[in-house]
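Trainee: Could you show me how to read this structure?
Mentor: Gladly; let us look at it together.

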Amino acid sequence: MRAKLSYLVTAAVLVFYFVLVGSRGVLLIKTGSLLAVTFGVAVLILPLIGLWFLWKNTQFVRRANALAAELDAEGGLPVDELKRLPSGRVDRDSADEVFARRKAETEAAPDDWRTWFRLAIAYHDARDTPRARKAMQRAIALHDGKPVEA
């Protein structure tokens, strides 16, 4: 619940910022000079890109959470079996060991979204965020029945 509230507050702050920046773009456009109008249009484009990025990210998180809920209902969520350092951080060797098992599971069943979901978590635990995101995107695509590129 705390993470959801944190995400909502961050999104609200971003939307406020986008509105603020967008209003400055409109003010620049209203001046009428060529340079100010050009800057005004450029300033308006940035909040639009930000809103698009926020929307796509929110959709990704919602879909990943829906998969987590479905997997949890099936009893298939991975158990946190990672060893931790005294600082609380994940032990690298432990993460590598779990990752190797998850990768083998995914190779054995490449069309099962569940294995890709668990692999995404293993990538995340190994602090490989780009691959974790790609694996989760693949899990979502497989779950939704969308074509997945090899």
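**Confidence, a helix and a core**

Trainee: What does the chain average in pLDDT?
Mentor: pLDDT is the predictor's confidence in each residue, from 0 to 100. The chain averages 90, and 99% of the residues score at least 70. This is a predicted model, where local features need pLDDT of at least 70, side-chain atom pairs count only at pLDDT 80 or more, and totals for chains, interfaces and linings use all residues. Residues are numbered from 1 along each chain as its sequence is written, and side-chain values use heavy atoms, leaving out hydrogens and water.

Trainee: Which residues of helix 3 are buried?
Mentor: Helices are DSSP runs (H or I, at least four residues), numbered from the N terminus. Buried means under 20% relative accessible area and exposed over 50%, with a 1.4 Å probe and protein chains only. In helix 3, the buried residues are S94, A95, V98, F99, R102 and T106. Seen down the helix 3 axis, they fall within an arc of 130° (taken from the directions from the axis to the C-beta atoms), so they line one face. The face turned away carries exposed D93, E107 and A108.

Trainee: Which residues touch the most other members of the largest nonpolar core?
Mentor: A nonpolar core is a set of buried Ala, Val, Leu, Ile, Met, Phe, Trp, Tyr and Cys residues joined through side-chain atoms within 4.5 Å. Here, W113, F117, M136 and A139 do so, out of 18 residues. Helix 4 gives this core its largest share, seven residues.

Trainee: What is M136 in contact with?
Mentor: Contact means heavy atoms within 4.5 Å. Leaving aside neighbours within four places in sequence, M136 contacts F60, A64, F117 and A120.

How values were computed. Helices (H or I, at least four residues) and strands (E, at least two) are DSSP runs, numbered from the N terminus.
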